[in-house]
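Please read the following report alongside the sequence and the three-dimensional view. The text goes through strands, aromatic rings and a surface patch in turn.

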Amino acid sequence: MANSSSSSSSLLIISYCLILLNLYAIVSSTSDFNNRNHPMILPLHLSTPNLSAHRMPFDDHYSRRHLQNSELPKARMRLFDDLLSNGYYTTRLFIGTPPQEFALIVDTGSTVTYVPCSSCEQCGKHQDPRFQPELSSTYQPVKCNPSCNCDDEGKQCTYERRYAEMSSSSGVIAEDVVSFGNESELKPQRAVFGCENVETGDLYSQRADGIMGLGRGRLSVVDQLVDKGVIGDSFSLCYGGMDVGGGAMVLGAISPPQNMVFSHSNPYRSPYYNIELKELHVAGKPLKLKPKVFDEKHGTVLDSGTTYAYFPEAAFHALKDAITKEIHHLKQIPGPDPNYHDICFSGAGREVSQLSKVFPEVNMVFGNGQKLSLSPENYLFRHTKVSGAYCLGIFPNRNDPTTLLGDTLDRSLTFYHVAGIVVRNTLVTYDRENDKIGFWKTNCSELWKRLQVPDVPAPAPVLPPSSNKSQEMAPGQAPSIMPLFQPGEIRIGIITFDMLISVNNSNTNPNFTEVAEFIAHELEVDNLQVHMLNFTLKGNDYLVKWAILPAESADYISNTTARKIILQLSEHRLHFPERFGSYELVEWKIEPQKDRTWWQQHFVAVIVGVVVTLVVSLLSIGLFLVWRHHKALGTYEPVGDGAIVPEQELQPL
């Protein structure tokens with residue numbers, strides 16, 4: 001009996017321990033998403049990945065990746081929304097010691113990260129100065145070896161990438177310290193990248209400095225960090241909504257949210273990140289399509305470098321007709337660009353939050369039966385010339401049976417992939433370790449708060465191209481970022497900014513009225529909201545102070561609009577026409593809505609009261625005078641002393 005009692009007690013103790021361990025595991029797993037390490041925010045851009053760099057089934061790196069710990073640090077960078085002005089998202093990457101800053105388009109379809117080299121023979125004018133290897137104490141060229149293509153002298157490895165829109169990039173391969181900014185938990189790491197010597201096509205003319213490749217391949221930033229064992233084999237992207245923009249990116253493994261929807265991704269089928277799309281539903285009704293329509297060639301490809309969704313012909317027409325049928329009350333109008341046959345509709349209103357009341361919901365059904373719901377902002381884009389009008393962001397992929405989903409707005413870069421607007425306000429996790437891709441609907445612009453990141457960084461200040469930002473920084477550290485107002489804290493009454501305008505011709509004076517209209521168009525505000533306060537002439541340069549006022553129907557500028565304006569200005573996104581010359585933003589300032597005095601608040605009421613009082617007074621006086629006049633006419637004195645005189649007949653003469 002004693003042995004039995006002792007045994008029972010031991011079993012109870014063991015059971016309690018197991019229960020406590022399980023509870024601890026549950027608490028740890030649920031709190032991991034909220035207490036995860038800092039994320040990294042990055043942009044998207046389309047380019048064709050290197051097929052030869054695709055991960056092979058028995059790659060020795062692949063087996064090592066499955067041993068990575070999810071508790072490894074993560075890289076966090078901010079994603080800047082250049083979607084409307086330039087057609088892509090960018091992030092800030094720092095290369096060298098001291099670090100030199102670059103604005104790079106994040107591309108899940110590309111495997112190489114490259115920036116213009118100071119020795120570049122044919123490179124365009126971009127946002128930042130070119131990379132100067134001679135200024136970096138940690139720079140090393142990658143010497144020629146049997147596993148790479150070599151330059152003409154046989155000394156250094158080279159790379160070359162050609163894209164579907166006929167642009168290309170080529171140069172030498174080098175290695176240096178890469179850092180992800182002050183907000184990143186991941187420390188600076190040595191990485192291989194491309195130093196451009198020649199750019200052509202859109203790569204030459206784009207404002208962004210280069211490409212950050214996140215595809216599968218030895219030269220990919222993700223693969224290099226995973227192979228070093230510094231991050232888990234996963235990364236996540238989150239793009240902001242139609243009117244908000246911004247977002248975040250996490251390099252490294254995270255614990256997925258509880259209701260995240262997953263699709264299998266086959267790494268051996270193609271070098272692209274793909275998903276198993278089986279059906280499309282519009283307003284709850286499935287489209288009548290063959291099951292294999294989304295499974296041709298590369299299947300359904302998810303690419304951050306592509307703006308819109310490209311479907312096989314049959315799927316495109318079925319989806320277009322189903323959506324159009326649900327919005328028959330809207331008027332179909334021509335698209336903003338006559339070179340493209342966009343399908344657009346007017347009369348839907350400007351409020352994005354109200355679009356779901358007008359346009360139907362679209363569901364993507366994956367091979368495992370899970371569904372991803374697409375709201376109207378996931379398949380529409382704003383008409384740039386007609387207020388309250390929207391166009392379908394879906395197009396036929398006539399030259400390829402592959403289904404493509406993409407993010408940027410550059411039409412020339414949308415030939416091979418699908419992602420972009422389809423995943424607005426959606427956290428997309430590329431879980432490469434488990435060969436699956438997850439989708440979680442969320443507010444991507446507030447992802448920092450969801451990750452419990454204390455301070456949201458603001459965009460880096462714009463410096464003149466001639467300045468060398470890297471020389472004053474300590475090795476391995478990124479430049480500090482100026483603070484930005486926190487949305488929701490104040491009501492903004494006015495935004496002022498000083499702009500230094502340099503004219504190309506000293507005999508030509510800028511037309512400030514045209515400049516004001518151009519600024520209003522670029523900032524997407526009404527012309528009446530932009531005012532020139534004053535200007536000072538300095539040689540061929542004009543220092544102009546501008547003010548952005550609230551709309552006529554509003555007392556203040558909304559935080560969303562203000563944030564968008566500040567980002568446009570601080571990131572130097574206004575692209576002046578050549579006739580205006582060039583500009584440099586000197587400073588900007590926001591002023592809260594001023595509290596009005598009692599007299600200002602009640603001025604109209606007082607005036608109305610005074611007018612009403614005057615009118616009533618005048619009417620009263622008028623009525624009194626009329627009454628008095630009538631009374632005077634209606635009274636008379638009788639003849640004699642009150643005697644009644646009988647009427648007498650007049651006698652004839």
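Two strands are said to pair if DSSP finds at least two bridges between them, and the strands themselves (E, at least two residues), like the helices (H or I, at least four), are DSSP runs numbered from the N terminus. The structure is a predicted model, in which local features need pLDDT of at least 70 and side-chain atom pairs count only at pLDDT 80 or more, while totals for chains, interfaces and linings use all residues. Residues are numbered from 1 along each chain as its sequence is written, and side-chain values use heavy atoms, with hydrogens and water left out.

**Strand β3 and its partners**

Strand β3 (residues 88-95) pairs with strand β9 (residues 168-179) in the antiparallel sense over two bridges, and within this pairing Phe94 has Ser179 of β9 as its bridge partner. β3 is also joined to strand β4 (residues 100-107), again antiparallel, by six bridges, with Thr91 standing opposite Leu104 of β4. β3 and β4 form a hairpin with four residues between them, and in its turn Gly96 has a positive phi of about 100°.

How many of the eight residues of β3 are buried? Eight of eight are buried, where buried means under 20% relative accessible area, exposed means over 50%, and partly exposed lies in between (1.4 Å probe, protein chains only). Tyr88, Thr90, Arg92 and Phe94 point one way from the strand, whereas Tyr89, Thr91, Leu93 and Ile95 point the other way, and all are buried.

**A sheet of four strands**

An open sheet has the strand order β17-β16-β22-β23 with antiparallel pairing, and its edge strands, β17 (285-286) and β23 (371-374), each pair on one side only. Two of its pairings are set out below.

| Antiparallel pair | Bridges | Residues facing each other |
|---|---|---|
| β16 (residues 277-282) and β17 | two | His281 and Pro286 |
| β22 (residues 362-366) and β23 | four | Val362 and Leu374 |

**Aromatic rings**

A pair of aromatic rings is described by the distance of the centres and the angle of the planes. Rings of Phe, Tyr and Trp (its six-membered ring) pair if their centres lie within 6.5 Å, and planes under 30 degrees apart count as stacked, over 60 as edge-to-face and the rest as tilted. A search of the whole structure finds 16 aromatic pairs. Tyr114 and Tyr159 count as stacked because their ring centres are 5.6 Å apart and their planes are at 20°. This pair links distant parts of the chain, with Tyr114 in strand β5 (residues 114-116) and Tyr159 in strand β8 (residues 157-162), 45 residues apart. Both Tyr114 and Tyr159 are buried. Elsewhere, Phe102, Phe131, Tyr139 and Phe193 form one aromatic cluster.

**A residue of helix α9**

Val612 has its place in helix α9 (residues 598-633), and Val612 counts as partly exposed because its relative accessibility is 44%.
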